[in-house]
Amino acid sequence: MKPLILFRVDPRAVDPASALQRVEPDAPLLTATDLAATRGDGVFETIVVVDGIPQAVEAHLDRFERSARLLDLPAPDRAVWRRAVEAVAAELRVPRGAVKYVLSRGDEATGALTGWALGFAPLRQRAEPPAETDAVLLDRGYRSDVAKTSPWLLQGAKTLSYAVNMAANREARRRGAGEVIFVSSDGYILEGPNSTVIARIDGEYITPPVEFGILPGTTQADAFDALRTEDERVAVRALTPADLFTADALWLCSSTRGAAPVRSLDGRPVPVDHDVTRRIFAHLNARKA
Ligand code: PLP
């Protein structure tokens with residue numbers, strides 16, 4: 001991914017206008033002692049931008065704050081980060097792009113927090129719903145109550161430490177699949193390394209609870225809004241692998257892709273509902289912010 005636009009963000013600035021500094025997209029940004037680079041110690045968000053409009057900005061800012069809180073980082077100033085997102089989005093002249101913004105614990109040598117926001121493309125540029133995908137179940141190795149028993153494991157925070165998530169994605173590819181769905185060590189469905197699960201079982205759309213140590217998905221939340229307006233039944237509830245194997249449809253939701261239909265799980269076919277996939281996609285694209 002090549003950045004098209006890059007801003008340095010001063011997380012401590014009091015005036016949002018002076019917090020941003022536009023730099024060349026390939027400008028060096030971090031010192032060799034920045035804790036983002038040396039420890040993966042920071043938090044981030046990625047927001048999709050459709051026709052210049054960044055989507056679900058407030059929900060992403062909520063999650064950014066939540067992640068910072070879980071890492072004992074200073075609370076991010078929403079006005080500063082909102083302005084950073086808007087500044088990048090305004091300049092992304094592609095039908096579909098994304099803004100990624102990052103808060104690092106900063107330079108270990110000076111103690112100063114660091115931040116930046118970048119715009120990139122292309123995501124899929126054509127206005128068509130995400131392609132079908134094949135998923136595998138992988139054990140995450142944590143119980144579903146990990147967030148309560150061991151908050152230092154930072155489950156449920158969107159941290160910069162994504163090496164495990166990337167390794168899981170590679171394992172999926174080794175198994176001939178494109179996606180992972182993590183399972184807790186006590187047997188509950190969690191989330192993907194970059195996505196939230198929605199299963200439809202007996203006509204009801206179900207996603208696992210965030211109390212299981214997973215991220216609150218902004219795309220899943222807006223997909224549920226779409227379904228509610230169509231008088232569909234939605235629920236937040238524990239799911240097991242057996243539930244997914246008998247689901248009448250399954251999606252993996254993420255900002256950059258929308259709700260991607262799963263057509264197989266561990267090699268077993270899962271029915272695909274193209275019509276609902278299209279309707280969720282249309283709703284997500286029509287969001288005004
Ligand atoms: N869960 C994890 C671990 C993620 O990294 C992501 C996003 O990349 C999601 C869920 C989906 O979140 P959203 O729909 O807000 O992009």
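The model is a predicted one. Its protein chain is divided into domain 1 (2–121) and domain 2 (133–285). The largest pocket has a volume of about 1200 Å³, the second largest pocket has one of about 220 Å³, and the structure also holds one cavity of 30 Å³ or more.

**Domain arrangement**

- Domain 1 spans residues 2–121 and domain 2 spans residues 133–285.
- A distance of 26 Å separates the C-alpha centres of domain 1 and domain 2.
- Domain 1 contributes 23 residues to the contact, and domain 2 contributes 20 residues.

**Largest pocket**

- The volume of the largest pocket is about 1200 Å³.
- The lining of this pocket comprises 44 residues, of which K158, Y162, N165, P193 and N194 are the closest to its centre.
- Two or more lining residues come from each of β3 (42–50), α6 (163–174), β8 (179–183), α7 (218–229) and β12 (249–254).
- Helix α6 provides the largest share of the lining of the largest pocket, namely five residues.
- In terms of residue class, 17 nonpolar, 18 polar and nine charged residues make up the lining of the largest pocket.
- Domain 1 and domain 2 each supply at least three residues to the lining of the largest pocket.

**Second largest pocket**

- At least two residues of the lining of the second largest pocket come from α3 (57–70), and at least two from α7.
- The lining of the second largest pocket contains 10 nonpolar, five polar and five charged residues.
- The second largest pocket lies between domain 1 and domain 2, because both domains give residues to its lining.

**Cavity**

- One cavity of 30 Å³ or more is present in the structure, and the space in the largest cavity is about 50 Å³.
- Residues lining the largest cavity include V48, V50, R96 and T219, together with F281, L284, N285 and R287.
- Strand β3 and helix α9 (274–285) are the elements that give two or more residues to the lining of the largest cavity.
- With three residues, α9 gives the most to the lining of the largest cavity.
- Four nonpolar, five polar and three charged residues form the lining of the largest cavity.
- The lining of the largest cavity takes at least three residues from domain 1 and at least three from domain 2.

**Sheet and packing around β3**

- An open sheet is formed by six strands in the order β2-β1-β6-β5-β3-β4, with antiparallel pairing.
- Strands β2 (20–23) and β4 (53–54) are the edge strands, each pairing on one side only.
- Strand β3 runs antiparallel to β5 (residues 96–104), and nine bridges join the two strands.
- E45 is positioned opposite Y101, a residue of β5.
- Helix α3 lies across β3, β4 and β5, and runs at about 170° to β3.

How values were computed
Residues are numbered from 1 along each chain as its sequence is written. This is a predicted model: local features need pLDDT of at least 70, side-chain atom pairs count only at pLDDT 80 or more; totals for chains, interfaces and linings use all residues. Side-chain values use heavy atoms; hydrogens and water are left out. On a 1 Å grid over the protein atoms alone, a cavity is a set of points where a 1.4 Å probe fits but cannot get out, and a pocket is an open set with protein on both sides within 12 Å along at least five of seven lines; lining residues have an atom within 4 Å of a point. Grid points are joined across faces, edges and corners, and a volume is the space filled by probe spheres set on the points. Helices (H or I, at least four residues) and strands (E, at least two) are DSSP runs, numbered from the N terminus. Ala, Val, Leu, Ile, Met, Phe, Trp, Tyr, Cys and Pro count as nonpolar, Asp, Glu, Lys and Arg as charged, and the others, Gly among them, as polar. Domain bounds come from an automatic or database domain assignment. Two strands pair if DSSP finds at least two bridges between them. Contact means heavy atoms within 4.5 Å. Axes are lines fitted to C-alpha atoms, for helices over the stretch in contact, and angles run from 0 to 180 degrees between N-to-C directions.
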